[in-house]
Amino acid sequence: MGAFLIKRLLFSLVTLFAVLTLVFAVVRIVPGDPAQVILGDQADATAIAALRGRLGLDRPMLDQYFGFLAGAVKGDWGVSLVTGRPVIREIVDVLPWTLELTFVSMILGTAIGVPLGVWAAVNRNRMPDYVTRIASLIGLSFPPFVSAILLLIGFSLMLRWFPVISGNRSTPWMWFQSITLPALNLGLIMAAYITRVTRSAMLEVMQEDYVRTARAKGVPWPVIVWRHALRNALIPVVTVVGLYLGILIGNSVLTEIVFNRPGLGKLIIGALNQRDYMMLQGMMVIYTLIVVVVNVLTDLAYAFVDPRVKLS
Amino acid sequence: MSTSIHDAPQLAPPRLRWLKTTIAAFNANKTSWLGLVIFFIVLLMAVFAPWLAPHDPVEQDVLSKLQAPFDNYYLGTDYYGRDIYSRLLYGARISLVIGVASTVIALVLGSVIGILAGWYGGRFDIIVMQTMDMLLAFPSLILGLILVAMLGPSMTNIIIAIALTSIPSFARIARAPTIAVKEREFIDAGRALGFSDVRLMGGHILPNIFPEILVMGSLWLANAIRTEASLAFIGLGVKPPTPTWGGMIREGFENILDSYWLVLAPSIAILIVVFGLNILGDGLRDAIDPKLKGER
């Protein structure tokens with residue numbers, strides 16, 4: 001297992017390095033001069049030159065590249081062009097909000113999706129199967145901001161169960177109120193996905209010989225389903241949960257906007273609207289870091305649910 | 001009676017046979033017909049928008065702003081007094097054009113990359129697919145919105161951004177069957193006949209993996225339409241006053257407290273199209289997936 005993990009960690013480092021290079025390139029292949037774009041068409045040449053100097057755009061490309069890489073490693077991601085604060089501070093300030101939302105949504109999505117998928121698989125081609133399949137297809141069809149808006153209309157505007165703006169969390173009850181709808185929104189969409197994966201994984205596992213053997217031995221049906229079959233069906237599910245995090249983070253951007261919740265999503269949209277290139281660069285680095293860390297965690301979880309991985 | 005060339009007319013001509021397999025694939029899972037019908041209705045509404053729309057989609061009439069649905073206007077009017085139903089019809093055009101164009105670009109480029117990687121294998125395969133995996137790992141919506149923000153929100157740029165984010169998926173889909181098919185005897189036979197790599201890949205691998213790619217295409221079209229709407233909702237859509245569904249939701253969201261139908265109509269429109277494409281692709285995938293064959 002050690003060798004497996006070392007290999008995966010090395011791959012993650014390569015990924016990180018490659019994406020950092022990509023980020024560097026993307027920010028610089030923008031048509032036009034970033035300094036010009038930031039200051040607008042009216043800006044005079046000296047102001048543009050000054051900003052170019054501040055951004056380090058007048059240095060040789062290779063120099064900029066190594067400076068960027070070194071900075072990324074040291075946590076020096078430049079200074080926001082709008083607020084003047086270090087980019088990393090701005091990000092660290094809102095990061096807990098996004099991480100908390102993603103984490104709760106992930107638990108919700110898995111806790112709803114896995115049992116539903118098992119239920120559908122066990123009742124294959126019967127009513128529960130049809131209902132969960134249609135429901136999960138509907139769930140998959142929702143753009144996350146549409147479902148968020150519908151939840152907002154239903155629960156905040158009509159039923160008035162939750163506040164429209166969910167930023168206050170001074171008491172546990174307020175915290176619960178502020179996170180419920182956003183997490184429900186992300187969790188339900190994720191559950192739709194997880195349900196389908198679990199269902200097909202369970203269908204495959206249920207055809208295995210050892211399931212038949214267990215039945216022949218007289219093992220109670222629930223034990224076969226929930227212990228023997230599910231344990232093996234979870235292997236692909238774990239991979240998918242890990243892969244899904246990329247989608248979840250993307251969806252959280254839209255969810256944060258609809259529920260007006262602080263987080264990386266609102267930060268990146270603000271940076272986009274104000275053309276804060278330094279901030280955008282930092283945001284891409286942090287998103288990459290999150291994805292890489294999650295991939296490593298997924299590998300660990302993989303080794304945990306599938307003992308065979310340890311051998312390779 | 002031995003098989004001879006005279007038996008050939010009993011088989012349908014190649015073109016009809018293709019049609020028959022397609023219909024059989026649709027029949028394998030009847031809901032895919034429903035998906036196709038939904039998609040066609042939306043397509044027709046988009047194409048004939050100028051004839052179907054009762055009003056000009058960008059014409060403002062401030063005196064009749066924010067009217068509720070079913071009164072003078074089918075679906076009411078927005079903050080500028082524009083007819084929501086007409087805007088929906090024209091918005092469908094933007095969604096479909098961006099969706100189809102970006103999906104076709106991603107499908108073609110992704111398939112080429114996937115087939116080349118699968119065909120040549122070795123180090124080339126490893127490097128290409130690791131790159132694709134890396135792109136796949138990055139949240140596609142965020143990649144898309146950064147690209148559009150950098151390039152500027154025009155129709156072409158949105159198409160490019162969405163296409164770029166979906167290329168890796170098509171490459172993955174095309175690669176796996178290529179590896180399986182290239183070991184088959186008919187490829188060896190082609191090689192023995194001296195066919196070039198390009199001819200083998202284009203003429204013999206591609207037709208074999210095409211159904212799978214096409215089915216994924218319908219699912220990714222759904223995804224592309226959803227992404228376009230999301231970008232427009234963030235403010236990175238085709239510029240106003242051109243109606244887009246995501247943009248209509250964005251504008252309506254500002255008046256959500258008193259006129260929630262502004263966001264409801266385009267939301268439902270997106271849902272219907274994406275759901276239609278999803279059941280279409282999902283049903284077809286079940287039909288062509290050899291693992292699932294004979295299950296129904």
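H8(A) and helix H10 (residues 221–258) of chain A pack with their axes 9 Å apart, at an angle of about 155 degrees. Axes are lines fitted to C-alpha atoms, for helices over the stretch in contact, and angles run from 0 to 180 degrees between N-to-C directions. Angles over 145 degrees count as roughly antiparallel, and H8(A) and H10(A) are therefore roughly antiparallel to each other. The contact of H8(A) with H10(A) is made of 19 nonpolar, six polar and no charged residues. Here Ala, Val, Leu, Ile, Met, Phe, Trp, Tyr, Cys and Pro count as nonpolar, Asp, Glu, Lys and Arg as charged, and the others, Gly among them, as polar. Helices (H or I, at least four residues) are DSSP runs, numbered from the N terminus.

This is a predicted model, in which local features need pLDDT of at least 70 and side-chain atom pairs count only at pLDDT 80 or more, while totals for chains, interfaces and linings use all residues. Residues are numbered from 1 along each chain as its sequence is written, and chains are lettered from A and ligands numbered from 1 in the order in which they are written.

The largest nonpolar core has 158 residues, and A:Met190, A:Met283, B:Leu145 and B:Phe170 have the most contacts inside it. Helix H8 (residues 172–206) of chain A gives the largest share of this core, 17 residues. Such a core is a set of buried Ala, Val, Leu, Ile, Met, Phe, Trp, Tyr and Cys residues joined through C-beta atoms within 7 Å; buried means that 20 or more other C-beta atoms lie within 10 Å of the residue's own, with C-beta atoms placed from the backbone.

Between the chains, 29 residues of chain B are in contact (C-beta atoms, placed from the backbone, within 7 Å) with 31 residues of chain A. H11(B) gives the most to the side of chain B that touches chain A, with nine residues.

Methods: Contact = placed C-beta atoms within 7 Å. Helix = DSSP H or I, 4+ residues; strand = E, 2+ residues; numbered from the N terminus. Buried ≥ 20, exposed ≤ 12 C-beta atoms within 10 Å, placed from the backbone. Parallel < 35°, antiparallel > 145°, perpendicular 65-115°, else oblique.
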